[in-house]
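Student: I have a sequence and a structure to read together. Could you take me through the strands, the domains and the chain contact?

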Amino acid sequence: MPKVSMTVNGKAVSGEVEGRTLLVQFLRETLGLTGTHVGCDTSQCGACTVHVGGAAIKSCTTFALDCDGAEVSTIEGMANADGSLNTIQQAFQDHHGLQCGFCTPGMVMSAAALLKENPKPTEAEVRHYLEGNICRCTGYHNIVKAILAASGQDVSAIAAE
Amino acid sequence: MYNFEFERPSTVEAAVAALKAEDSLALGGGQTLIPTLKQRLAAPAKLVSLAGIDALKFVKAEGGTLRIGGGTPHAVVAREAAKSFPALARLAGNIGDPAVRNKGTAGGSIANNDPSACYPSAVLACGATIVTNGREISADDFFQGMFETALEEGELITEVRFPIPQAANYQKFEQPASRFALTGVFVAKYADGVRVAVTGASGDGVFRWTEAEAALSANFSATAIAGLSVDPDGMIEDLHGSGAYRARLVKVLTGRAVSAAS
């Protein structure tokens, strides 16, 4: 079987995969990084969002072999070095930005990509950016609020309606 | 998904050579092809990924022409064409969602010629030139019906050259679940006339609305098409909209595109 090597959350990793092995399968099944979720497996829901080369992509719609040599970041790499939650994760906790939590890894990875591109997004920009991340608890209001709070903006005036 | 051999060449020449193998397919960003493979609607023996070919990734505005490398992701076009060709940048920036735009490529979308994809409308409305590893093809000759193009087997889109219009706009009436165009209209105004291309409406894929082009070339205003109508015959009919609805959308969106063109 072909061998693939990449850097995941700063660590060099490699493994044997098939041509058809998806990045998400390599992360979850070979590396045991099960924080990245498979929701729809049709690139609609965004639960599998990770960063490859700094860009958010859907790991269910990317082949592992296409990431040979790439820098990959997953939800497991998001916490601070001392293990505490990073700003975005903490904001999700503070603002109750999750209910069942299934979509959360993808939401956090998309939020991180958004805030890198656009450090002070408007509420409309956050909502537009999350088009490819679906929360079936429909907890969008608090997710949006958490992301705005993580950007350092005052969210006290945003109604959770 | 059935298994296949996976190759990731770093040059166009190596990719073209790899694609000579029987039952091989080129993989662009994979945002259409990978779901197709999962559905077992395609079962190639070999996939040749173009993602490792840096020479296919560029956006360059030169002397009135915008050149886009075939392997350039939509997100890069959205960013880098924003000044030189804002209507095209906005089109690219509204395909799918952010994660899809980071993977999906201009060449992949154009080669696939999905009847509801955004890019083909811009290519046809601008009379762009599709450059492959072997030749140059004009947009009018390139699109040949739903999912059909002039590309030969194993032929790769290396570049698309858009003559930058004086004014242009793309209006996408989005199908909210798929984020494809339920109908989309690209209007491009040049010194020698106006071109109007429609996606998402016809069962034959992208097409030019020539009556509107003539009217708008004489008078570039939404009122110029007021008396025209589009024949619903041959329009896509599905649960999202009837043929008559899509025909109506073509006219409405053309008017909006003309009014918004800049």
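Student: Which residue in the turn of the hairpin formed by β4(B) and β5(B) has a positive phi?
Tutor: This is a predicted model, in which local features need pLDDT of at least 70, side-chain atom pairs count only at pLDDT 80 or more, and totals for chains, interfaces and linings use all residues. Residues are numbered from 1 along each chain as its sequence is written, and chains are lettered from A and ligands numbered from 1 in the order in which they are written. Strands (E, at least two residues) and helices (H or I, at least four) are DSSP runs, numbered from the N terminus. Two residues lie between β4(B) and β5(B), and the one in the turn with a positive phi, about 50 degrees, is Gly63(B).

Student: Which residue in β5(B) does Ala61(B) stand opposite?
Tutor: Two strands pair if DSSP finds at least two bridges between them. Strand β4 (residues 59-62) and strand β5 (residues 65-69) of chain B are antiparallel, with four bridges. Within β5(B), the residue opposite Ala61(B) is Leu66(B).

Student: What is the bridge partner of Ile68(B) in β8(B)?
Tutor: β5(B) pairs in the antiparallel sense with strand β8 (residues 157-163) of chain B, over five bridges. There, Ile68(B) has as its bridge partner Val160(B).

Student: Which residue of β8(B) is the bridge partner of Thr132(B)?
Tutor: Strand β6 (residues 129-132) of chain B runs antiparallel to β8(B), and four bridges join them. The partner of Thr132(B) in β8(B) is Ile157(B).

Student: Why do β4 and β7 of chain B each have one side without a neighbour in the sheet?
Tutor: The five strands form an open antiparallel sheet in the order β4-β5-β8-β6-β7 (chain B). β4 and β7 (136-138) of chain B stand at its edges, so each has a single partner strand.

Student: Which helix gives the largest share of the side of domain 1 of chain B that touches domain 2 of chain B?
Tutor: An automatic or database assignment sets the domain bounds; for chain B they are domain 1 (5-49), domain 2 (54-163) and domain 3 (167-260). In the contact, 12 residues of domain 1 of chain B meet 17 residues of domain 2 of chain B. The largest share on the domain 1 side, three residues, comes from helix α1 (residues 12-18) of chain B.

Student: Which element gives the most to the side of chain A that touches chain B?
Tutor: The contact takes 23 residues from chain A and 20 residues from chain B. On the chain A side, β4 (55-58) and α3 (104-117) of chain A each give two or more residues. The element that gives the most, with four residues, is β4(A).

Technical notes:
Two residues are in contact if their C-beta atoms, placed from the backbone, lie within 7 Å.
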